[in-house]
Amino acid sequence: MTAPDFGFRRGDAIVVTGAGSGIGRATALRAAQMGLNVSAWDLNAGSLEETAALIRYGGGLVHTVTGDVSDESVVRTGLNGSREALGELRYLHNNAGPSSAAPLTFNDAMSISVGSVRSLTEIWAAGGLPAGAAMVVTTSVAGNLVGTEVDWYSAAKAALMGYVRHTAAHRAAEFRSNGVAPGMTDTPRLQGFAESPRGQEVLGRIPLARMASPDDIAYAVLFLLSPLGSYINGVFLPVDGGWTITQ
Ligand SMILES: NC(=O)c1ccc[n+]([C@@H]2O[C@H](COP(=O)([O-])OP(=O)(O)OC[C@H]3O[C@@H](n4cnc5c(N)ncnc54)[C@H](O)[C@@H]3O)[C@@H](O)[C@H]2O)c1
């Protein structure tokens with residue numbers, strides 16, 4: 001079976017943050033299979049290089065940006081370098097964000113989680129964007145449909161959807177904006193969780209009776225970004241196997 005391309009134009013470019021692991025890696029790999037050139041960003045140089053090697057192995061074109069998306073100088077340099085390497089950057093997957101287990105203060109966490117998405121989006125759009133530009137944020141069912149134990153995680157994920165609604169309403173002449181909300185997703189971050197008592201409790205309530213794979217989320221992200229999603233703007237899309245309707 002040939003891979004779907006969702007109507008993407010071969011050689012268009014996508015920025016994916018957190019591309020060294022989990023959901024971001026899956027988006028980067030699937031985007032490359034669909035013919036997109038990939039600007040792959042991550043804090044972790046080693047895992048980012050693994051993603052880049054997988055893309056090159058599949059015949060794709062990738063440019064890597066190693067650094068922290070909450071550092072504005074990294075964002076500016078990263079976007080400039082990516083444009084030099086790949087040309088116009090039509091698509092943006094704002095995916096990187098700290099784990100709820102990260103030992104952060106509320107204010108730092110909000111600034112890292114939400115501030116980084118805002119600044120990357122603003123700087124990406126500032127130079128002007130090509131027609132059909134689109135952005136998707138990885139938000140979460142957390143904060144939007146489920147309250148988590150960690151206060152800043154719920155607050156940040158809800159705030160991200162607020163930012164998406166702002167850009168969808170007021171920046172649609174430049175780019176479309178949507179939010180994808182993963183449920184329990186089988187990424188390195190959640191290693192061991194499915195076997196824990198809390199993990200088993202959640203799994204027991206998911207009608208599809210399994211965790212999401214990173215690809216389940218990546219395909220939703222890419223559909224919303226793609227030309228096939230060209231009239232979808234401002235949506236919050238849970239990709240959770242139906243978990244939250246059983247809450
Ligand atoms: N796994 C889940 O169940 C789940 C559920 C809902 C939402 N999410 C969200 O999905 C996104 C990706 O999570 P994942 O599960 O794939 O995690 P992951 O830990 O597998 O991957 C995250 C990647 O992002 C990178 N990263 C983190 N902070 C960064 C920063 N400031 N700058 C650059 N890179 C950074 C990490 O180095 C890592 O490679 C996150 O925003 C997370 O909150 C995950």
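User: Which residues come nearest to the ligand?
Analyst: Ser21, Asp42, Asn95, Tyr153 and Thr187 come nearest, of the 26 residues around the ligand. A residue is near a molecule if one of its heavy atoms lies within 4 Å of it. This is a predicted model, in which local features need pLDDT of at least 70 and side-chain atom pairs count only at pLDDT 80 or more, while totals for chains, interfaces and linings use all residues. Residues are numbered from 1 along each chain as its sequence is written, and side-chain values use heavy atoms, with hydrogens and water left out.

User: How do the residues of that shell divide into nonpolar, polar and charged?
Analyst: The shell holds nine nonpolar, 13 polar and four charged residues. Here Ala, Val, Leu, Ile, Met, Phe, Trp, Tyr, Cys and Pro count as nonpolar, Asp, Glu, Lys and Arg as charged, and the others, Gly among them, as polar.

User: What lies 3.1 Å from an oxygen atom of the ligand?
Analyst: That is a polar side-chain atom of Arg189. Polar backbone atoms are also found by ligand oxygen atoms, with Asn95 at 2.8 Å and Thr185 at 2.9 Å.

User: And how much of the ligand's accessible area does the protein cover?
Analyst: The protein covers 90% of the 830 Å² that the ligand has on its own. Accessible areas come from the Shrake-Rupley method with a 1.4 Å probe, and for residues only the protein chains shown count as cover.

User: Which elements give two or more residues to the shell?
Analyst: These are α1 (22-33) and α5 (151-170). Helices (H or I, at least four residues) and strands (E, at least two) are DSSP runs, numbered from the N terminus.

User: Changing topic: is Asn37 buried or exposed?
Analyst: Asn37 counts as buried because its relative accessibility is 15%, where buried means under 20% relative accessible area, exposed over 50%, and partly exposed in between (1.4 Å probe, protein chains only). Asn37 belongs to strand β2 (residues 37-42), and its side chain reaches the backbone oxygen of Gly11 at 3.3 Å.

User: Where does Phe6 lie, and what is its phi?
Analyst: Phe6 lies in the segment before β1 (13-17). Its phi is near 55°, a positive value in a residue other than glycine. Most residues other than glycine have a negative phi. Phe6 counts as buried, at 18% relative accessibility.

User: What about Ala209, buried or exposed?
Analyst: Ala209 is exposed, with a relative accessible area of 58%. The residue is in the loop between α6 (197-205) and α7 (214-225), and its phi is also positive, near 55°.

Technical notes
A polar contact is a pair of N or O atoms within 3.5 Å; within protein, one must be able to donate a hydrogen and the other to accept it, and residues adjacent in sequence count only if both atoms are side-chain atoms.
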